[in-house]
Amino acid sequence: MSFFHGCARWALACSFAFPGSMAWAQSWPDAQWPSEPAPRSAALSALESYAFPARDDTTRSGVRSDALLVIRDGVLVYERYAAPTTAATPHLTWSMAKSLLASTLGVAYGRGLFRLDAPVADYYPPFAAHPQVKVGHLLNWASGLAWQEDYEYAPLKSSVVAMLYTRGRGDMAAFTAAHVADAEPGARFRYSSGDSNVLAAALRGMVGAEAYADYPWSALFEPLGIQSAVWERDAAGTFVGSSYLYMNARDLARVGLLMQRDGRWREQQLLPKAWVEFNRTPFANYRPEASKPDDAVPGGHWWLNAAVAGARKPWPDAPGETFAALGHWGQGLYILPREKLVIVRYADDRDASFQHNQLLKLVQAAFAREVQP
Amino acid sequence: MIRRRPLRILLVLGMLLLVAWAWQNRVHLQAFPGIIAAYSAKEYCSCRYVSQQPADYCLGYVEQYVPLSELFDDAAHKRVTARGLGSRQSAQWLGARQGCQLLPLAEPLP
(Lines give C-alpha, C1' and ligand atoms only; values in the text may rest on other atoms or scores of the structure.)
Protein backbone atom coordinates (compact mmCIF):
# COMPACT_ATOMS: atom_id res chain seq x y z
CA MET A 1 0.00 0.00 0.00
CA SER A 2 2.60 2.42 1.04
CA PHE A 3 4.66 1.28 -1.94
CA PHE A 4 1.87 2.13 -4.37
CA HIS A 5 1.20 5.34 -2.55
CA GLY A 6 4.86 6.29 -2.83
CA CYS A 7 4.94 5.22 -6.45
CA ALA A 8 1.94 7.33 -7.28
CA ARG A 9 3.48 10.29 -5.53
CA TRP A 10 6.75 9.69 -7.31
CA ALA A 11 5.00 9.43 -10.67
CA LEU A 12 3.16 12.63 -9.98
CA ALA A 13 6.34 14.34 -8.91
CA CYS A 14 8.04 12.95 -11.97
CA SER A 15 5.44 14.05 -14.48
CA PHE A 16 5.29 17.59 -13.13
CA ALA A 17 8.72 18.21 -11.79
CA PHE A 18 10.96 16.39 -14.24
CA PRO A 19 10.58 18.61 -17.31
CA GLY A 20 10.84 21.57 -14.96
CA SER A 21 13.83 20.19 -13.15
CA MET A 22 15.68 19.74 -16.46
CA ALA A 23 15.25 23.42 -17.10
CA TRP A 24 16.14 24.04 -13.46
CA ALA A 25 19.43 22.24 -13.86
CA GLN A 26 20.30 24.36 -16.88
CA SER A 27 21.99 27.69 -16.47
CA TRP A 28 20.37 30.78 -17.94
CA PRO A 29 21.27 34.44 -17.58
CA ASP A 30 19.03 36.64 -15.42
CA ALA A 31 19.98 40.31 -15.31
CA GLN A 32 23.58 39.01 -15.28
CA TRP A 33 25.21 35.89 -16.67
CA PRO A 34 26.10 33.17 -14.18
CA SER A 35 29.88 33.35 -14.18
CA GLU A 36 32.65 30.83 -13.53
CA PRO A 37 35.85 32.30 -14.95
CA ALA A 38 38.09 29.55 -16.28
CA PRO A 39 41.46 29.18 -14.53
CA ARG A 40 44.60 30.27 -16.41
CA SER A 41 46.02 27.61 -18.70
CA ALA A 42 48.43 27.33 -21.59
CA ALA A 43 45.50 26.93 -23.98
CA LEU A 44 43.92 30.11 -22.67
CA SER A 45 47.19 32.00 -23.08
CA ALA A 46 47.43 30.78 -26.67
CA LEU A 47 43.90 32.02 -27.32
CA GLU A 48 44.65 35.41 -25.80
CA SER A 49 47.87 35.91 -27.72
CA TYR A 50 45.96 35.18 -30.94
CA ALA A 51 42.90 37.32 -30.21
CA PHE A 52 44.57 40.19 -28.36
CA PRO A 53 48.02 40.89 -29.81
CA ALA A 54 49.57 44.33 -29.18
CA ARG A 55 47.32 46.77 -31.01
CA ASP A 56 48.65 49.29 -33.53
CA ASP A 57 46.10 52.03 -34.12
CA THR A 58 48.29 53.76 -36.72
CA THR A 59 48.56 50.94 -39.24
CA ARG A 60 45.37 49.21 -38.03
CA SER A 61 46.91 45.92 -39.14
CA GLY A 62 46.47 42.43 -37.75
CA VAL A 63 43.87 40.86 -35.47
CA ARG A 64 42.07 43.61 -33.51
CA SER A 65 39.49 42.11 -31.14
CA ASP A 66 37.32 44.58 -29.23
CA ALA A 67 35.60 41.90 -27.17
CA LEU A 68 35.80 38.14 -26.75
CA LEU A 69 33.32 36.24 -24.64
CA VAL A 70 32.78 32.53 -24.19
CA ILE A 71 29.65 30.92 -22.73
CA ARG A 72 29.76 27.21 -21.88
CA ASP A 73 26.38 25.60 -21.28
CA GLY A 74 24.84 28.88 -20.21
CA VAL A 75 27.71 29.96 -17.95
CA LEU A 76 30.10 32.79 -18.72
CA VAL A 77 33.57 31.23 -18.58
CA TYR A 78 35.63 33.94 -20.29
CA GLU A 79 35.38 37.56 -21.23
CA ARG A 80 37.90 40.20 -22.21
CA TYR A 81 37.62 43.64 -23.76
CA ALA A 82 40.07 45.96 -25.49
CA ALA A 83 39.73 49.63 -24.51
CA PRO A 84 37.71 51.68 -25.11
CA THR A 85 35.19 48.85 -25.61
CA THR A 86 33.78 47.54 -22.31
CA ALA A 87 31.15 45.05 -21.16
CA ALA A 88 28.64 47.91 -21.40
CA THR A 89 29.49 49.07 -24.96
CA PRO A 90 26.67 48.57 -27.48
CA HIS A 91 29.02 47.54 -30.30
CA LEU A 92 28.11 47.63 -33.97
CA THR A 93 27.21 44.14 -35.19
CA TRP A 94 27.40 45.03 -38.91
CA SER A 95 26.06 42.04 -40.86
CA MET A 96 25.46 39.93 -37.77
CA ALA A 97 22.29 42.05 -37.76
CA LYS A 98 21.04 39.91 -40.66
CA SER A 99 21.01 36.75 -38.55
CA LEU A 100 19.37 38.58 -35.65
CA LEU A 101 16.76 39.85 -38.09
CA ALA A 102 16.17 36.19 -38.98
CA SER A 103 15.69 35.37 -35.29
CA THR A 104 13.23 38.27 -34.98
CA LEU A 105 11.40 36.90 -38.02
CA GLY A 106 11.44 33.49 -36.37
CA VAL A 107 9.18 34.74 -33.58
CA ALA A 108 6.73 36.10 -36.18
CA TYR A 109 6.96 32.77 -38.00
CA GLY A 110 6.05 30.92 -34.79
CA ARG A 111 2.99 33.15 -34.48
CA GLY A 112 1.91 32.16 -37.99
CA LEU A 113 2.37 35.68 -39.40
CA PHE A 114 4.03 34.61 -42.64
CA ARG A 115 5.06 31.67 -44.77
CA LEU A 116 8.45 30.95 -46.30
CA ASP A 117 6.88 30.02 -49.64
CA ALA A 118 4.70 33.14 -49.84
CA PRO A 119 5.67 35.88 -52.32
CA VAL A 120 7.58 38.73 -50.68
CA ALA A 121 5.08 41.08 -52.35
CA ASP A 122 2.36 39.72 -50.01
CA TYR A 123 4.12 41.51 -47.15
CA TYR A 124 6.01 44.22 -49.03
CA PRO A 125 3.90 45.49 -51.97
CA PRO A 126 6.72 47.34 -53.82
CA PHE A 127 8.18 43.90 -54.51
CA ALA A 128 5.33 43.29 -56.97
CA ALA A 129 8.01 44.00 -59.59
CA HIS A 130 9.50 40.62 -58.58
CA PRO A 131 6.41 38.45 -58.09
CA GLN A 132 8.30 35.15 -58.13
CA VAL A 133 10.60 35.99 -55.22
CA LYS A 134 9.51 34.20 -52.03
CA VAL A 135 10.39 35.04 -48.43
CA GLY A 136 12.55 31.91 -48.28
CA HIS A 137 14.59 33.08 -51.28
CA LEU A 138 15.52 36.28 -49.45
CA LEU A 139 16.52 34.32 -46.36
CA ASN A 140 18.86 32.25 -48.56
CA TRP A 141 20.20 35.42 -50.26
CA ALA A 142 18.87 33.99 -53.51
CA SER A 143 16.53 36.70 -54.80
CA GLY A 144 18.22 36.66 -58.20
CA LEU A 145 18.57 40.45 -58.18
CA ALA A 146 21.64 41.96 -59.85
CA TRP A 147 23.22 43.19 -56.60
CA GLN A 148 26.86 44.23 -56.05
CA GLU A 149 28.02 43.61 -52.49
CA ASP A 150 31.38 45.32 -52.23
CA TYR A 151 32.54 47.70 -49.56
CA GLU A 152 35.56 49.93 -49.63
CA TYR A 153 37.48 48.40 -52.54
CA ALA A 154 34.91 48.99 -55.30
CA PRO A 155 32.80 51.86 -54.03
CA LEU A 156 31.72 53.28 -57.39
CA LYS A 157 29.26 50.55 -58.32
CA SER A 158 28.77 48.95 -54.92
CA SER A 159 25.05 48.48 -54.30
CA VAL A 160 25.57 48.27 -50.55
CA VAL A 161 27.53 51.52 -50.29
CA ALA A 162 24.91 53.32 -52.40
CA MET A 163 22.14 51.79 -50.28
CA LEU A 164 23.62 52.76 -46.92
CA TYR A 165 25.11 56.15 -47.75
CA THR A 166 23.83 57.73 -50.96
CA ARG A 167 21.06 56.80 -53.41
CA GLY A 168 19.39 54.16 -51.27
CA ARG A 169 19.55 55.62 -47.80
CA GLY A 170 16.07 57.20 -47.88
CA ASP A 171 14.37 53.84 -48.46
CA MET A 172 16.74 50.89 -48.63
CA ALA A 173 14.12 48.25 -49.44
CA ALA A 174 12.72 50.32 -52.31
CA PHE A 175 16.26 50.90 -53.58
CA THR A 176 16.77 47.12 -53.60
CA ALA A 177 13.41 46.44 -55.23
CA ALA A 178 14.41 48.78 -58.08
CA HIS A 179 17.26 46.44 -59.05
CA VAL A 180 16.68 44.22 -62.07
CA ALA A 181 16.88 40.44 -61.78
CA ASP A 182 19.67 38.59 -63.55
CA ALA A 183 18.82 35.08 -62.31
CA GLU A 184 15.76 33.04 -61.42
CA PRO A 185 14.76 33.38 -57.75
CA GLY A 186 16.22 30.49 -55.78
CA ALA A 187 18.65 29.53 -58.53
CA ARG A 188 21.85 30.98 -57.15
CA PHE A 189 23.32 32.40 -53.97
CA ARG A 190 24.46 35.98 -54.10
CA TYR A 191 25.16 37.64 -50.78
CA SER A 192 23.07 40.78 -50.64
CA SER A 193 22.43 43.33 -47.92
CA GLY A 194 19.53 44.43 -50.11
CA ASP A 195 17.79 41.06 -49.68
CA SER A 196 18.09 41.49 -45.90
CA ASN A 197 16.60 44.98 -45.93
CA VAL A 198 13.67 43.82 -48.04
CA LEU A 199 13.07 41.24 -45.29
CA ALA A 200 13.21 44.04 -42.72
CA ALA A 201 10.56 45.93 -44.74
CA ALA A 202 8.46 42.77 -45.17
CA LEU A 203 8.44 42.37 -41.38
CA ARG A 204 6.30 45.53 -41.23
CA GLY A 205 3.70 43.90 -43.46
CA MET A 206 3.78 40.73 -41.36
CA VAL A 207 3.36 42.25 -37.91
CA GLY A 208 1.53 45.48 -38.81
CA ALA A 209 2.75 49.06 -38.91
CA GLU A 210 1.79 49.69 -35.30
CA ALA A 211 3.72 46.79 -33.78
CA TYR A 212 6.67 47.18 -36.16
CA ALA A 213 8.74 49.86 -34.44
CA ASP A 214 8.95 47.84 -31.22
CA TYR A 215 8.77 44.35 -32.68
CA PRO A 216 12.44 43.33 -32.32
CA TRP A 217 12.18 44.34 -28.65
CA SER A 218 8.80 42.84 -27.83
CA ALA A 219 9.40 39.64 -29.82
CA LEU A 220 13.07 38.91 -29.14
CA PHE A 221 15.11 41.32 -27.04
CA GLU A 222 12.81 41.64 -24.03
CA PRO A 223 12.10 37.91 -23.63
CA LEU A 224 15.87 37.35 -23.67
CA GLY A 225 16.57 40.17 -21.20
CA ILE A 226 18.51 42.20 -23.77
CA GLN A 227 18.60 45.82 -22.64
CA SER A 228 21.39 47.40 -24.67
CA ALA A 229 20.00 46.98 -28.21
CA VAL A 230 19.83 49.89 -30.66
CA TRP A 231 18.51 49.24 -34.17
CA GLU A 232 18.89 52.14 -36.57
CA ARG A 233 16.38 52.76 -39.36
CA ASP A 234 16.40 54.34 -42.78
CA ALA A 235 14.42 57.51 -43.50
CA ALA A 236 11.38 55.35 -44.37
CA GLY A 237 11.42 53.94 -40.84
CA THR A 238 12.57 50.46 -41.92
CA PHE A 239 15.14 48.75 -39.70
CA VAL A 240 18.52 48.57 -41.37
CA GLY A 241 18.32 44.81 -41.01
CA SER A 242 21.50 44.34 -43.00
CA SER A 243 23.87 46.37 -40.88
CA TYR A 244 22.90 48.72 -38.08
CA LEU A 245 22.09 46.77 -34.94
CA TYR A 246 24.11 47.48 -31.79
CA MET A 247 24.27 45.67 -28.47
CA ASN A 248 26.85 44.76 -25.86
CA ALA A 249 28.69 41.45 -26.04
CA ARG A 250 26.86 39.90 -23.08
CA ASP A 251 23.51 40.66 -24.70
CA LEU A 252 24.58 39.23 -28.05
CA ALA A 253 25.58 36.04 -26.24
CA ARG A 254 21.94 35.67 -25.13
CA VAL A 255 20.93 35.26 -28.78
CA GLY A 256 23.71 32.70 -29.09
CA LEU A 257 22.36 30.68 -26.16
CA LEU A 258 18.84 30.85 -27.63
CA MET A 259 20.19 29.38 -30.88
CA GLN A 260 22.38 26.82 -29.09
CA ARG A 261 19.25 25.56 -27.32
CA ASP A 262 17.25 25.24 -30.54
CA GLY A 263 15.17 28.36 -30.05
CA ARG A 264 14.14 27.66 -26.46
CA TRP A 265 14.52 30.28 -23.73
CA ARG A 266 13.95 28.72 -20.33
CA GLU A 267 10.52 27.07 -20.58
CA GLN A 268 9.45 28.95 -23.69
CA GLN A 269 10.01 27.75 -27.26
CA LEU A 270 10.55 31.32 -28.53
CA LEU A 271 11.59 30.25 -32.05
CA PRO A 272 9.97 27.14 -33.52
CA LYS A 273 12.46 24.28 -33.75
CA ALA A 274 11.65 24.01 -37.45
CA TRP A 275 12.69 27.65 -37.88
CA VAL A 276 16.09 27.08 -36.28
CA GLU A 277 16.45 23.98 -38.43
CA PHE A 278 15.78 26.13 -41.51
CA ASN A 279 18.38 28.65 -40.32
CA ARG A 280 20.86 25.79 -40.08
CA THR A 281 20.10 24.10 -43.41
CA PRO A 282 22.50 24.88 -46.28
CA PHE A 283 20.88 26.63 -49.22
CA ALA A 284 20.33 23.77 -51.67
CA ASN A 285 21.72 25.54 -54.73
CA TYR A 286 24.82 26.90 -53.02
CA ARG A 287 28.06 25.95 -54.77
CA PRO A 288 31.25 26.74 -52.86
CA GLU A 289 33.85 28.74 -54.78
CA ALA A 290 37.05 26.73 -55.11
CA SER A 291 39.07 29.91 -54.69
CA LYS A 292 37.38 30.70 -51.35
CA PRO A 293 37.43 27.45 -49.34
CA ASP A 294 37.09 29.33 -46.02
CA ASP A 295 33.79 31.02 -46.93
CA ALA A 296 31.02 29.87 -44.62
CA VAL A 297 27.97 28.21 -46.20
CA PRO A 298 24.74 30.22 -46.34
CA GLY A 299 21.78 28.77 -44.46
CA GLY A 300 18.58 30.64 -43.60
CA HIS A 301 20.29 33.98 -42.88
CA TRP A 302 22.84 32.24 -40.65
CA TRP A 303 26.27 30.90 -41.72
CA LEU A 304 27.17 27.25 -41.52
CA ASN A 305 30.36 25.23 -41.24
CA ALA A 306 28.88 22.56 -43.48
CA ALA A 307 30.75 20.43 -46.00
CA VAL A 308 28.63 20.76 -49.15
CA ALA A 309 28.98 19.85 -52.82
CA GLY A 310 32.20 17.93 -52.26
CA ALA A 311 34.04 20.83 -50.64
CA ARG A 312 35.64 20.63 -47.19
CA LYS A 313 34.18 22.36 -44.13
CA PRO A 314 34.95 26.09 -44.29
CA TRP A 315 36.47 25.92 -40.79
CA PRO A 316 38.19 22.51 -40.73
CA ASP A 317 39.05 22.57 -37.00
CA ALA A 318 35.50 23.28 -35.86
CA PRO A 319 32.65 20.76 -35.73
CA GLY A 320 30.43 20.52 -38.80
CA GLU A 321 27.41 21.65 -36.76
CA THR A 322 29.04 24.99 -35.98
CA PHE A 323 26.99 27.94 -37.17
CA ALA A 324 27.43 31.66 -36.88
CA ALA A 325 26.30 35.20 -37.40
CA LEU A 326 29.11 37.07 -39.15
CA GLY A 327 29.77 40.74 -39.84
CA HIS A 328 32.16 43.15 -41.53
CA TRP A 329 35.53 43.82 -39.85
CA GLY A 330 35.57 40.56 -37.90
CA GLN A 331 32.27 40.49 -35.99
CA GLY A 332 31.23 36.95 -35.05
CA LEU A 333 28.70 35.06 -32.94
CA TYR A 334 29.60 31.37 -33.14
CA ILE A 335 27.55 28.49 -31.81
CA LEU A 336 28.97 24.99 -31.25
CA PRO A 337 25.84 23.10 -30.24
CA ARG A 338 27.39 19.78 -29.16
CA GLU A 339 30.17 21.46 -27.20
CA LYS A 340 27.51 23.84 -25.79
CA LEU A 341 29.77 26.77 -26.57
CA VAL A 342 28.68 30.26 -27.58
CA ILE A 343 31.43 32.67 -28.64
CA VAL A 344 31.00 36.39 -29.17
CA ARG A 345 33.73 38.33 -30.90
CA TYR A 346 33.54 42.05 -31.57
CA ALA A 347 36.40 43.45 -33.58
CA ASP A 348 37.79 46.21 -35.73
CA ASP A 349 39.82 44.07 -38.15
CA ARG A 350 40.82 46.24 -41.08
CA ASP A 351 42.80 43.59 -42.96
CA ALA A 352 42.28 39.88 -43.63
CA SER A 353 44.61 38.48 -40.93
CA PHE A 354 41.83 37.13 -38.71
CA GLN A 355 40.80 33.51 -39.36
CA HIS A 356 37.54 32.10 -37.98
CA ASN A 357 39.07 28.63 -37.98
CA GLN A 358 42.02 29.65 -35.84
CA LEU A 359 39.82 31.36 -33.27
CA LEU A 360 37.46 28.38 -33.08
CA LYS A 361 40.35 25.96 -32.75
CA LEU A 362 41.89 27.90 -29.87
CA VAL A 363 38.57 28.44 -28.08
CA GLN A 364 37.83 24.72 -28.24
CA ALA A 365 41.27 23.87 -26.91
CA ALA A 366 40.73 26.23 -23.99
CA PHE A 367 37.07 25.60 -23.17
CA ALA A 368 35.54 22.51 -24.80
CA ARG A 369 34.82 19.64 -22.45
CA GLU A 370 34.64 16.13 -23.80
CA VAL A 371 31.35 15.83 -25.60
CA GLN A 372 28.99 13.22 -24.14
CA PRO A 373 27.75 10.92 -26.91
CA MET B 1 45.12 62.28 -91.53
CA ILE B 2 45.45 59.22 -89.28
CA ARG B 3 48.99 58.66 -90.46
CA ARG B 4 49.89 62.30 -89.86
CA ARG B 5 48.45 62.73 -86.37
CA PRO B 6 48.31 59.28 -84.74
CA LEU B 7 48.71 60.64 -81.19
CA ARG B 8 45.96 63.19 -81.50
CA ILE B 9 43.57 60.57 -82.89
CA LEU B 10 44.37 58.23 -80.00
CA LEU B 11 43.81 61.02 -77.51
CA VAL B 12 40.44 61.91 -79.03
CA LEU B 13 39.42 58.24 -79.07
CA GLY B 14 40.44 57.88 -75.45
CA MET B 15 38.44 60.98 -74.50
CA LEU B 16 35.40 59.64 -76.35
CA LEU B 17 35.66 56.30 -74.55
CA LEU B 18 35.98 58.09 -71.21
CA VAL B 19 32.93 60.23 -71.91
CA ALA B 20 30.97 57.15 -72.96
CA TRP B 21 32.03 55.34 -69.78
CA ALA B 22 31.14 58.35 -67.63
CA TRP B 23 27.72 58.62 -69.33
CA GLN B 24 27.07 54.95 -68.74
CA ASN B 25 28.04 55.31 -65.11
CA ARG B 26 26.57 58.75 -64.56
CA VAL B 27 24.24 57.63 -61.77
CA HIS B 28 27.13 56.05 -59.85
CA LEU B 29 29.50 58.95 -60.55
CA GLN B 30 26.99 61.52 -59.39
CA ALA B 31 26.48 59.77 -56.07
CA PHE B 32 30.15 58.93 -55.53
CA PRO B 33 31.41 62.19 -53.95
CA GLY B 34 28.74 61.90 -51.25
CA ILE B 35 29.97 58.55 -49.94
CA ILE B 36 32.86 59.64 -47.76
CA ALA B 37 31.01 62.50 -46.04
CA ALA B 38 27.88 60.41 -45.48
CA TYR B 39 29.88 57.43 -44.18
CA SER B 40 31.86 59.63 -41.81
CA ALA B 41 28.87 61.59 -40.50
CA LYS B 42 26.76 58.48 -39.92
CA GLU B 43 29.44 56.23 -38.44
CA TYR B 44 30.89 58.98 -36.25
CA CYS B 45 27.41 59.81 -34.94
CA SER B 46 26.78 56.15 -34.07
CA CYS B 47 30.25 55.63 -32.61
CA ARG B 48 29.81 58.67 -30.38
CA TYR B 49 26.12 58.56 -29.44
CA VAL B 50 25.14 54.90 -29.80
CA SER B 51 28.33 53.09 -28.76
CA GLN B 52 29.26 56.07 -26.54
CA GLN B 53 32.93 55.89 -27.39
CA PRO B 54 35.32 58.82 -26.80
CA ALA B 55 35.54 61.49 -29.50
CA ASP B 56 39.20 60.85 -30.39
CA TYR B 57 38.55 57.13 -30.77
CA CYS B 58 35.59 57.81 -33.08
CA LEU B 59 37.68 60.14 -35.25
CA GLY B 60 40.20 57.36 -35.77
CA TYR B 61 37.44 54.80 -36.25
CA VAL B 62 35.86 56.60 -39.24
CA GLU B 63 39.16 57.47 -40.92
CA GLN B 64 39.31 56.12 -44.49
CA TYR B 65 41.81 56.31 -47.34
CA VAL B 66 39.88 59.25 -48.78
CA PRO B 67 40.58 62.21 -46.47
CA LEU B 68 37.82 64.32 -44.95
CA SER B 69 38.06 68.09 -45.13
CA GLU B 70 35.98 68.69 -42.01
CA LEU B 71 33.99 66.93 -39.33
CA PHE B 72 31.83 68.92 -36.94
CA ASP B 73 30.12 67.35 -33.95
CA ASP B 74 27.30 69.52 -32.64
CA ALA B 75 27.24 67.79 -29.26
CA ALA B 76 24.35 69.88 -27.92
CA HIS B 77 22.07 68.49 -30.65
CA LYS B 78 23.90 65.17 -31.18
CA ARG B 79 24.23 66.08 -34.84
CA VAL B 80 27.35 65.34 -36.88
CA THR B 81 28.27 67.04 -40.16
CA ALA B 82 31.13 65.93 -42.39
CA ARG B 83 32.60 67.37 -45.58
CA GLY B 84 34.74 65.51 -48.11
CA LEU B 85 35.19 65.46 -51.91
CA GLY B 86 33.12 68.65 -52.01
CA SER B 87 30.05 67.02 -50.47
CA ARG B 88 28.53 67.87 -47.06
CA GLN B 89 26.40 65.37 -45.13
CA SER B 90 24.81 65.29 -41.67
CA ALA B 91 23.64 62.55 -39.35
CA GLN B 92 21.34 63.02 -36.37
CA TRP B 93 20.95 60.96 -33.20
CA LEU B 94 17.21 60.30 -32.85
CA GLY B 95 16.74 58.33 -29.66
CA ALA B 96 17.75 55.47 -27.40
CA ARG B 97 16.41 52.70 -29.65
CA GLN B 98 16.72 54.50 -33.01
CA GLY B 99 20.34 55.62 -32.85
CA CYS B 100 21.58 57.77 -35.75
CA GLN B 101 20.26 58.47 -39.24
CA LEU B 102 21.54 60.48 -42.19
CA LEU B 103 19.53 63.67 -42.76
CA PRO B 104 18.03 64.41 -46.21
CA LEU B 105 19.64 67.87 -46.12
CA ALA B 106 23.06 68.57 -44.67
CA GLU B 107 23.46 71.14 -41.93
CA PRO B 108 25.70 74.14 -42.63
CA LEU B 109 29.16 74.00 -41.08
CA PRO B 110 29.96 76.70 -38.52
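Student: Which helices and strand each supply at least two residues of the lining of the largest cavity?

Tutor: Good place to start, and keep in mind that this is a predicted model. The structure holds three cavities of 30 Å³ or more, and the largest has a volume of about 120 Å³. Both chains take part in its lining: from chain A comes strand E3 (91-92), and from chain B come helix H3 (34-49) and helix H4 (55-62).

Student: Where does the largest share of the lining of the largest cavity come from?

Tutor: Among the 13 lining residues, those closest to the centre are His91(A), Leu92(A), Cys47(B), Ser51(B) and Tyr61(B). By class, the lining divides into five nonpolar, six polar and two charged residues. The largest share, three residues, comes from H3(B).

Student: Now for the largest pocket: how many charged residues are in its lining?

Tutor: The largest pocket has a volume of about 1600 Å³. It is lined by 44 residues, and the closest to its centre are Tyr191(A), Lys292(A), Asp295(A), His328(A) and His356(A). Strand E10 (323-327) and H12 of chain A each supply at least two residues of this lining. Sorted by class, the lining has 18 nonpolar residues, twelve polar ones and, to finish, 14 charged.

Student: What do the buried residues of H12(A) pack against?

Tutor: H12 of chain A covers residues 356-367 and reaches 16 Å from its first C-alpha to its last, close to the 16 Å expected. Its buried residues include Leu359(A), Leu360(A), Val363(A) and Phe367(A). They pack against helix H2 (42-51) and strands E1 (65-72), E2 (75-81), E11 (331-336) and E12 (341-347) of chain A.

Student: Is Asp74(B) buried or exposed?

Tutor: Asp74(B) lies in strand E1 (residues 70-74) of chain B. Leaving aside neighbours within four places in sequence, Asp74(B) is in contact with Tyr49(B) and Arg79(B). Its relative accessible area is 17%, and because the cut-off is under 20%, Asp74(B) counts as buried.

Student: Where in chain A is the pLDDT below 50?

Tutor: Chain A averages a pLDDT of 93, and 91% of the residues score at least 70. One stretch falls below 50, and beyond near neighbours in sequence this stretch has two contacts in the model. You will find it over residues 1-21.

How values were computed. Residues numbered from 1 in each chain as written. Chains lettered and ligands numbered in written order. Predicted model: local features only at pLDDT ≥ 70, side-chain atom pairs only at ≥ 80, totals over all residues. Heavy atoms only, no water. Helix = DSSP H or I, 4+ residues; strand = E, 2+ residues; numbered from the N terminus. Expected span 1.5 Å × (residues − 1). Buried < 20%, exposed > 50% of the residue type's maximum accessible area, 1.4 Å probe, protein only. Contact = heavy atoms within 4.5 Å. pLDDT = per-residue confidence, 0-100. 1 Å grid on protein atoms, 1.4 Å probe; cavity = no way out; pocket = protein on both sides within 12 Å on 5 of 7 lines; lining within 4 Å. Points joined across faces, edges and corners; volume = space filled by probe spheres on them. Nonpolar A, V, L, I, M, F, W, Y, C, P; charged D, E, K, R; others polar.
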